[in-house]
Each structure stands twice: as structure tokens, then as C-alpha cells.
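Hello,

Here is the structure I promised to send over. Please have a look, and then read my notes below.

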Amino acid sequence: MNWGNLRGWLTALAVPVALGVAWEVAVRTGIAPGRLMPPPSRLAHTAGALAASGELQTHVAATMTRVAIGFGIGAFAGTVIGMVTGASETARRLLDPSIQALRAIPSIAWVPIFILWLGIFETSKLALIALGVFFPVYLGMLSAIQGVDRKLVEVGRVFGFSGIGIMLRITWPAVLPTWIASLRSGLGLGFMFVVAAELMGASEGLGYLLLDGQQMGRADSILVAMIVFALLGKASDGVLVALTRPLLRWQDTVRSRL
Amino acid sequence: MTTLAIDGLGKTYADGTEALRDMHIMARSGEIVAILGGSGCGKTTLLRLTAGLDQPSAGVIAIDGRPIGGTHPAISAVFQEPRLLPWLTVGRNIAFGGRRIAKPERQRRVGDLLERIGLAGYGARWPKDLSGGQQQRVAIARALIGHPAILLLDEPFSALDAFTRASLHELLLALWQELRPTILVVTHDVDEAVFLADRVVVMRPRPGRVHEAMTIGLPRPRNKLTSEYDITRRNVLRAIDRSLAVDRATGSGFGTVSPWV
Ligand SMILES: Nc1ncnc2c1ncn2[C@@H]1O[C@H](COP(=O)(O)OP(=O)(O)OP(=O)(O)O)[C@@H](O)[C@H]1O
Ligand SMILES: [Mg+2]
């Protein structure tokens, strides 16, 4: 880490740290009540207790498993179907209008019908997450394939490639950046929908911790769950970026600074 | 050895634009033919058809008498822009042009060519890290690695400055002397045509067709500072004038030249 970087971090942290300290002081001196808005020390204590009992780990594992499976299914389906509709005019005319129509339904509106069809347990939750991930990945893949530079495809043809060869050597590398960006937004939505899925009834998971905190009037465990969500989301995105960075080293964009 | 025959070639695009009509060009083995013409003459169309990237509406393109129906292993091309694949290193971009060559030989040729184009040591770099002129050199190397019998060049140097252009002319001629491909080079630069070509074909627009073909008899290596060179250059300029005159006479040109100039 260089100095500029460190300064950036310090600057970014200044406001939250100042607010935290101010709140801590306000609660300790009795100016503000800490029950509904617990101060940082209380949050740290709750997090520590949840972690010590192993509860936090169970919830994190449950949530992450759901996100991983739902994201896997949604991203795979979105990639494959996006590839097919991107590559074939017929498939696009056939499928894309229906998919766009389905996309117009707010994803949460699927919850009741998923529960009716798939029960209230894991399957309906995974379906909801997968659905949320599917649309951005599908759209990203479709538009990326349609946006492949015709000039580069011609280069492939002149040098003796066709069909599958063009697909593998031109189309695929050309769509990679957009595809990866769409995976990232898909992952973000995956976290959004895992909360929705767990709020609709679960016995474990960070969403359950949220709901439980609300019912028990435990603002501290709600806030801890929220913070853990933020950390997990950021960390997963970081992992995705790190995994895909080697694939994009050739890119000449601002993303190289990411 | 390979002769390229373009015979009665015509192209009318889907929107009704007649880009080419009844084109005849014969390029003998190892010959450099320059196609000279103004913007919109159909030069790019001609090369795209020859490269097999588009289908003609009429006529045939034949290599050694055999008509070709699409892209052809003997035909290679350099486009107006470098069109390097940004996700491949410079070395792999060059190798991309040689898919039919066995790998060890391909590696050897990549190394050779990198040296020839003055980019030894650049093999592992990304195209984005090269200048425009360097990228175009890589594109030339990519087009030549497969030792094509026919090389098509579409205004390959028009985006470059005069210094770079001159050095690339030398490079192209050196590689040509070594590998002896038949070259069809499109240009609107008279100097480029006279310096490179054995024959110059001047085109006339709307629809594009051959106006006049002339042989450039200058010995190689050519010296731009001789009076023979100047005379030849002026002859080509005159041919262009004549093509414009026909254009004006038939009223198909862009308006007429003002009488005051
Ligand atoms: N895909 C296309 N569809 C319709 N018309 C086209 C198409 N490509 C080219 N044309 C038309 O055909 C004519 C010849 O175009 P072409 O690109 O071959 O010219 P050119 O001689 O290469 O010009 P320049 O020197 O500007 O590159 C032009 O009138 C152009 O508008
Ligand atoms: Mg052109």
C-alpha cells in the first residue's frame, strides 16, 4: 500500500469513525438512549458473543451457501441462454421477448408463487436468488455478444477460422469484460435476494438474524447482521474481481485501477 | 506461383448502391498491383470481395484459374486499421495469422518477424502498449507469417505519419522481396502507388470500375529523387485527371470544377 492509498483510506474512514465516536460518547454520557441505536462498543460485544457461540458462523454459512448455489444456477443459465440468443437470430426472436416480459415482473413478486410451487424451504429460496442473478447476466451476455466488433470477426475469418473457431478465439474473449461485469451485478443482486428469501421464513441465515432481532427487539443483532452482509458482499465481489483479473489484463480501461 | 484474376466483378449492395461494375484486374505471380482511386470508388469493396468477406453480385475471382468462393488459405490481408486482437500479446497476434503452420515452426517465424519489424523483445506486450505504427507493423507480420501467395492491403498506411509510412514501405518491400507474394494494395496516395507497384490501376467511381491501368517500369530499389520517378508520378497524376474529366463530362461527378481556378 502506498501513501496516497493510505490517505484515501483515512479520508474515507474519517466520517464513519467520527460519527461512531460521537454516538458512543452520546450514549455513555446519557445524552442519547442506546437501546434502539446501540453504540459501536455494544455492536462489537454482540458480534463477539454471536461469534463465540458459533451462531454467527452458522448464519453466515447458511446465507453464503444459498448465495453460492443460487448465483451458480442463475449465472450459468443467464450465460448459456444469453449466448444462445446472442449467437442465433432465430433464438433471439423466439426467446428474448418472453424473457424481457418476465423481467418486467419485479422479482420479489415471484415469492408467493415460488412458495406455492416449491414449498417454503430451500428450493424456493434458491429459485428466487437464481432468478435475481439470471437477468443481469443474461442481458450482459446478450448485449456483449451483439456488440462484438465485426472487424475483429473479419480478422478471424481472413485467417482461416469459422464457426466454433471464431466463437472461441474472437467472440468469447471479446465478451469476457462485459460478462464479468454482469456477473458482478448479478452477485450484488444475489445478496439482495438472499435477504428477501430469508426474510420470508428461515431457521438460519443472516436474514433470519435480522428478523429474529426485530421480533426480539434486539437492534444490536440486526445491525451486526447488516454489517456482516456488507462485509460479505464486498468480500465476494473482491474475490470475483481477483479471480477474473488475470483474464482481463489486456484491457485498456480505467478498470485496471480497480 | 500464383496468379490472381478478377473477372467481370460487380457488387451491388442490398440498399441498391452499385459499388463495383465489371471490374477486371489481373495480378501475376509476385507482382505488386496498386489500386488507386478516390473515396467511395469501391476500393474496400473490391478487397473485401477478394478476401472472401463478402459475396460478389457478378463475376469471378480466381486463383490460378480456379474460382474461389470465400476466404482462402492463400489470401491474407492487412486492413486500414491494425485490427490486432487486444486480448492476445503481440507475439500471439502474429501467430494468429499462421494457424496452419506447425507450432515450433510458427514460434520460430514469430521470433523472426518480430525482429524484422523492429519489435524484437515486444512479443509479450499487449497491443494497447504499442504506437499506431508499431501496431500496423504487427498487422503486417501477422499477414505474412503464413507465407501467403496473395496479400491484400487496404490503405494500410494512410493513418500514419510520413516518416512511419516511408519506413513501412521499405519494410513491406523487403518482406515482399523475400517471400514474393502477389500484392494488391489499395491506396489514394499517388506516391505510395508509384513507389510500391509494378502496375497501377486507376479507378473511376459510381459505379467503381477500372479507368486505366499502367505499368510502372522503374527499377528497384526505387529512388524518389530521380527525374524518372517524377515523370512516372506525373503520368499517374495525369491518368487521375483523365478519370476525373470523364467523370465531369458524364455529369456523374460531384458538381463541376469552378472556372475561376
Ligand atoms: N455495406 C454497405 N452497404 C451499402 N453500401 C456500401 C456498403 N459498403 C460500401 N458501400 C458503398 O459502396 C461504395 C464504395 O465503398 P467503398 O468502401 O468500397 O469505397 P472506398 O473506395 O474504399 O472508399 P474510401 O477511400 O473512402 O475507403 C460507397 O458508395 C459506399 O457508400
Ligand atoms: Mg476504403
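Of the 258 residues of chain A, 41% count as buried (under 20% relative accessible area; exposed is over 50%, partly exposed in between; 1.4 Å probe, protein chains only).

Some ground rules. This is a predicted model: local features need pLDDT of at least 70, side-chain atom pairs count only at pLDDT 80 or more, and totals for chains, interfaces and linings use all residues. Residues are numbered from 1 along each chain as its sequence is written, chains are lettered from A and ligands numbered from 1 in the order in which they are written, and side-chain values use heavy atoms, with hydrogens and water left out.

Now the fold. Chain A has 10 helices and 0 strands (DSSP runs, numbered from the N terminus: helices are H or I with at least four residues, strands E with at least two). The radius of gyration of chain A is 23 Å, well over the 18 Å from the globule rule for 258 residues, so the chain is more spread out than a compact globule. That radius is taken over C-alpha atoms, and the rule is 2.2 Å times the number of residues to the power 0.38. The C-alpha trace spans about 75 × 55 × 30 Å along its principal axes.

Contacts next. In chain A, 70% of the contacts with a separation of 6 or more join residues 24 or more positions apart (contact: heavy atoms within 4.5 Å).

A:Gly72 is partly exposed, at 34% relative accessible area. Its C-alpha lies 10.0 Å from that of A:Leu126, 54 residues apart along the chain.

Best wishes
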